[in-house]
Amino acid sequence: MFGLDKKDFRLLLLVAVLVALAPFILNPFPEGSGMAQFNAGYPDLMQRFVIFGIFAIGFNILFGLTGYLSFGHAAFLGVGSYAAIWMMKLLTMNVIPAIIVSVIVAGIFSLAVGWISLRRSGIYFSILTLAFAQMSYSLAYSVLTPITGGETGLQPKVNDPRILDGTLANGATPKANLFGLEMGSSFNLDVGAWVFTFNVGYYLAGIVMLLAFYLSIRIFRSPFGMMLRAVKSNQQRLNYTGLNAKPYTLAAFVISGMYAGLAGGLMVAMDTQVGAERMFWTASGEVVLMSILGGVGTLIGPVLGAGAIKYMENILSKINSDILHTWFAFLPDGLEDFVVTLIYPFIGKGWHLTLGLIFMLVVIFLPGGLVEGGQRVARLFGRKKKSTDTPDGKTTPAE
Amino acid sequence: MSKMNLTRRGVLKTGAIAGAGVAAPTIFTAQSAAAFTNEPTGSSVTLGFNVPQTGPYADEGADELRAYELAVEHLNGGGDGGLMNTFSSKALQGNGIMGKKVEYVTGDTQTKSDAARASARSMIEKDGAVMITGGSSSGVAVAVQALCQEAGVIFMAGLTHSNDTTGKDKKANGFRHFFNSYMSGAALAPILANNYGTDRKAYHLTADYNWGYTTEEAVRTSTEAMGWETVAAVKTPLTQTDFSSYIAPVLQSGADVLVLNHYGGNMVNSLTNAVQFGLRDKLVNNKNFEIVVPLYSRLMAKGAGANVKGIFGSTNWHWSLQDEGSKAFVKSFGTKYGFPPSQAAHTCYVQALLYADAVERAGSFNPCAVAEALEGFEFDGMGNGKTLYRAEDHQCFKDVLVVKGKENPTSEFDLLEIVEVTPTSQVTYDASIFGGELGSCNPGA
């Protein structure tokens, strides 16, 4: 269906179901219980899951297929965000123009960056992209302050022009909407002790992610995708056969840049604020981590990686020593303090440490990322082993 | 996962979603019966403490968090009550806020607006926080303030010194107790003129971002009004760690005062470089060469070590102040943690108490009622003397301290001495000079 074979369609369907049911899946613990701390089903985090999912899917088209490791993708995310916020300030608070323009602007910017950076490959390419991203960051942070707002960033203001919108009611603040349906509005479903939140913004972002995911499957399965894999496996051989790899890699670069722009535009649509640190090099590094953690070159991997990292950033970092003490209150005093001291470095501000450890474990024991972990578990419990049962499109092309 | 859909529960869930989908258009507009966002209904109320726990300002963040924990303890009736005893308003009883026990959640802003907003949103959406407070940078403060305005909760800014927070980016739901660049300039200029004369030539090194710009402008305007001349103002990248290449041209410029509009690690490095270059031993235009640091903090003074000796700057509060409020705060903070609080800790503690007090006086957690109680509120006994929360821009007006690096420090905390307490009247400005719209308060829901 949709031009996909059965296996890919099943994967797409699975992702669709997961996206649709995320408010339930991510809120497994009843409200008010001690475990509620680990619930992730609130709008902001769910939106981040899918938006960074899009970002990682796009990054994976470049890194997973061509093997070009870009360290500057956050710049495209940032450029997309700035484009989107300006659309909202100048044109309308409706998110559609903002999202479309963010994709276009990020595409043009990535074309320029890719044109120059792709003259080199390997580590030189990575450093070039890193340099461009840091340059964009510095420009946005200081030199371009009139356009970017510098350190304080940009937000829609009551007195922005917004030529397509009518005047705001007195005292109202501009809110991102889709033809009047506000992104921030949610519906709470109370089921016993559980509260499930359905948020308009999340479902919009979810639908966009499904489209992005579908597009990425099509790219992975297309002759174009095959060409990109050829670049990854042996670019020299490709050159000797008389093919110029540059247009293919540039196209992949621009596509992934547009994905990043789309993610940036959606971020603004969900939360109308842009700051320059969105383009900082650590943000570029984060998407690399997401891809590797989830599984480079697999379809679903980057999305899982994005989810894992954002979960840790938002949930682990909010556990403080007070909460730990309440958890271990049942232990005798001395032992309680000891256990808390033992765990404390890994939570709260130490969430980076936990992330680092998990990353190391994954890279050492599961080189294929979380997807490989999933496959191993599936193989362990699966009744019939099929060697070709990999949803990642790693089937070897015929030569 | 796909198997789960065949179970009874899966079918029920799908049904619920479908139901919600059909009902959506009518429900979305009226999402709940609450009068305002996160109305506390149980026996407790949740506050959100959003501070930098990682990144360049982690030290300040850690101190802010200590202050908040102390404030919660005092609000709930624990400890020695701290500033609640000296506070001019006696609405707080030590039984929580309006009888509700104060609980709190913490988050890490990482000194990034995105991370700070994510953390604040999770506090509002997941933990039901009715007030967000904290932060150690103006970028973060402006970002989180705008978020709180949208979400309909109160934001009590932590350490943020840029004019923008209550200037061009002010919001009806946001309040700042800390002072700002303008006040620094206004307080410093007369002291500088008294000590260094009125015919000085100043050279500015400015951190290349918003806070740097506003600080440079403030110091420049007020010193030029005193008769100083500004020779040059050079912007330095925020990530710069070695300032020698910026210091060398200072001597050739003919300037005899160097103003370092730097904060945190930037200031520590640039000051160290300048002192190592021997700038302070030079004689230019027959005058001793001097260095000025507009915004001082104890943590910065500690980082720069002996180099801060004799250098002027301004600060919001210092633990060596001898009024009743300051003494009470230093005592209860010191008893709990073993060292004196920083100005970041002080402003955060005060903000938490001011919020609680405003709720008590308003008799409601409704952001609009709280904002009304804070607007135009005059109080005393919080360590800064008589203070006014101005209604027009939600900025606190109080005395500003001009400090100097101490020549003979007696301990690692005793690094700054107070030169003068500049009275409020001298640092007050018209609320409209920075532009911006306060808007009207948003209770959410």
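## Helix H4 against helix H5 in chain A

Two residues count as in contact when their C-beta atoms, placed from the backbone, lie within 7 Å. The model is predicted. In chain A, Val113(A), Ile116(A) and Ser117(A) of H4(A) meet Phe125(A), Leu128(A), Thr129(A) and Phe132(A) of H5(A). By class, this contact has 5 nonpolar residues, 2 polar and no charged.

Helix H4 of chain A spans residues 95-117. H4(A) and H5(A) pack at an angle of about 145 degrees. Their axes are 10 Å apart. The crossing of H4(A) and H5(A) is right-handed.

## Where chain A meets chain B

Chain A gives 45 residues to the contact, and chain B gives 48 residues. On the chain A side, four elements each supply two or more residues: helix H1 (6-25), helix H2 (43-66), helix H5 (122-143) and strand S3 (186-191). H1(A) provides the largest share, 6 residues.

What classes of residue make up the side of chain A that touches chain B? This side divides into 16 nonpolar, 20 polar and 9 charged residues.

## Two domains in chain B

Domain 1 of chain B gives 12 residues to the contact, and domain 2 of chain B gives 13 residues. The domain 1 side has 3 nonpolar, 6 polar and 3 charged residues.

How values were computed
Residues numbered from 1 in each chain as written. Chains lettered and ligands numbered in written order. Predicted model: local features only at pLDDT ≥ 70, side-chain atom pairs only at ≥ 80, totals over all residues. Nonpolar A, V, L, I, M, F, W, Y, C, P; charged D, E, K, R; others polar. Axes fitted to C-alpha atoms, helices over the stretch in contact; angles between N-to-C directions. Left-handed = near helix turned anticlockwise from the far one by under 90°.
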